[in-house]
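Subject: Structure handover

Hello,

Here is the structure I said I would pass on. My notes on what was found in it follow below.

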Amino acid sequence: MASQNYITMTYQCGYSEYGCRAILSSTQKAIHETTCQFGSCLCPLIACPCLGTFSGVSSHMNRHHPEIASATGEELVLSATNVHDFPGDHIGWMMIQHCHGKCFMILMAKIPAGDQDQFYVTVQLFGSRGHCKNYTCRLELKGCDGMKYVWVGNPTPIEDGIPSPDNPLECFLFGSEIARFCTVNGTLPVVVSIRDESNDGVVFHVTRFTTFDPSGKEPVSSALQQFYPD
Ligand SMILES: [Zn+2]
Ligand SMILES: [Zn+2]
């Protein structure tokens, strides 16, 4: 009786040179590489050639770029100093945030937009695209009368580079009027909170600019939605 033997082609993970030992079929390989913990990226600073694993590059940031503020905690404040005097069209402010065993880069930039400048803040994960959805970032500005401006969304992977300010799912964009309203002694404090959603099973999806009323109780307008997985 004739029998046929099938051989399944297997492949090494594309990050094997960084230590991954996984052996996978071609379909598994594509899926695995989006969350492989040995994934690699370039140092996000222009002109720095450092390439390594996500954790390698994040420790490289601490060692070789100590001028970039770095701190540990789920909730930190990015203090954007001299916010109104800083020239437009630049990444002006940067912070490295360590929490949940991961490293995030918070960037704030000023962009010229007609008569008014605009600002945007974005959060990037030193990690793979597949891991970004595990984290929810909340960025908050507080006005001088207690009004809060809040953005909630997922980080983007560092390997994608800085997201476009036009994409509200990836950037908290606001005009210089709001920036001025929330600036204290020339410094704009942006409160950055990062949650690990894989731990408590709550996933925030829709990301939008949200305005809360000054009493801080009810959102005045909100596209923020919470989904509880079954
Ligand atoms: Zn791998
Ligand atoms: Zn570097």
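S7 (residues 90–99) and S8 (102–113) run antiparallel and are joined by nine bridges. Strands here (E, at least two residues) and helices (H or I, at least four residues) are DSSP runs, numbered from the N terminus, and two strands count as paired if DSSP finds at least two bridges between them. Within this pair, Met 94 stands opposite Leu 107 in S8. S7 and S8 form a hairpin with two residues between them, and His 100 in the turn has a positive phi of about 55°.

Before the rest, some notes on the source. This is a predicted model, in which local features need pLDDT of at least 70 and side-chain atom pairs count only at pLDDT 80 or more, while totals for chains, interfaces and linings use all residues. Residues are numbered from 1 along each chain as its sequence is written, and chains are lettered from A and ligands numbered from 1 in the order in which they are written.

Confidence

The pLDDT (the predictor's confidence in each residue, from 0 to 100) averages 81 over the protein chain, and 84% of the residues score at least 70. Over residues 201–230 the pLDDT is below 50, and this stretch has 48 contacts in the model beyond near neighbours in sequence. A contact means that the C-beta atoms of two residues, placed from the backbone, lie within 7 Å. Where pLDDT is low, the predicted coordinates should not be read in detail.

Overall make-up

The protein chain has five helices and 18 strands. Of its 230 residues, 30% count as buried. A residue is buried if 20 or more other C-beta atoms, placed from the backbone, lie within 10 Å of its own, exposed if 12 or fewer, and partly exposed in between. Among contacts between residues at least 6 apart in sequence, 53% join residues at least 24 apart.

Other strand pairs

S7 also pairs with strand S5 (residues 69–72): the two run parallel and are joined by four bridges. In that pair, Ala 71 has Gln 97 of S7 as its bridge partner.

Strand S10 (residues 135–142) pairs with S11 in the antiparallel sense over six bridges. Cys 137 has Gly 153 in S11 as its bridge partner. The hairpin of S10 and S11 has five residues between the strands, and Gly 146 there takes a positive phi near 95°. Strand S11 (residues 148–153) is largely enclosed by the rest of the structure, because five of its six residues are buried.

The largest nonpolar core has 44 residues. A nonpolar core is a set of buried Ala, Val, Leu, Ile, Met, Phe, Trp, Tyr and Cys residues joined through C-beta atoms within 7 Å. The residues with the most contacts inside this core are Leu 78, Ile 106, Met 108, Phe 172, Val 190 and Val 192. S8 gives the most to the core, with six residues. Leaving out residues up to four places away in sequence, Val 192 touches Leu 76, Leu 78, Gln 97, Ile 106, Val 123, Cys 137 and Leu 139.

In helix H2 (residues 54–64), the buried residues are Phe 54, Val 57, Ser 58 and Met 61. Seen down the axis of H2, these fall within an arc of 100°, so they line one face of the helix; the arc is that of the directions from the helix axis to the C-beta atoms. They pack against strands S3 (40–42), S4 (51–53), S7 and S8.

Individual residues

Ser 40 is in strand S3 and counts as partly exposed, with 17 C-beta neighbours inside 10 Å. Leaving aside neighbours within four places in sequence, Ser 40 is in contact with Tyr 15, Tyr 18, Leu 51, Gly 52 and Thr 53. The C-alpha atoms of Ser 40 and Glu 159 are separated by 8.2 Å, though the two are 119 residues apart along the chain.

Most residues other than glycine have a negative phi. Ala 47, in the loop between S3 and S4, has a positive phi near 75° and counts as exposed, with 5 C-beta neighbours inside 10 Å. Asn 82, in the loop between strand S6 (75–80) and S7, has a positive phi of about 45°; with 12 C-beta neighbours inside 10 Å, Asn 82 also counts as exposed.

Regards
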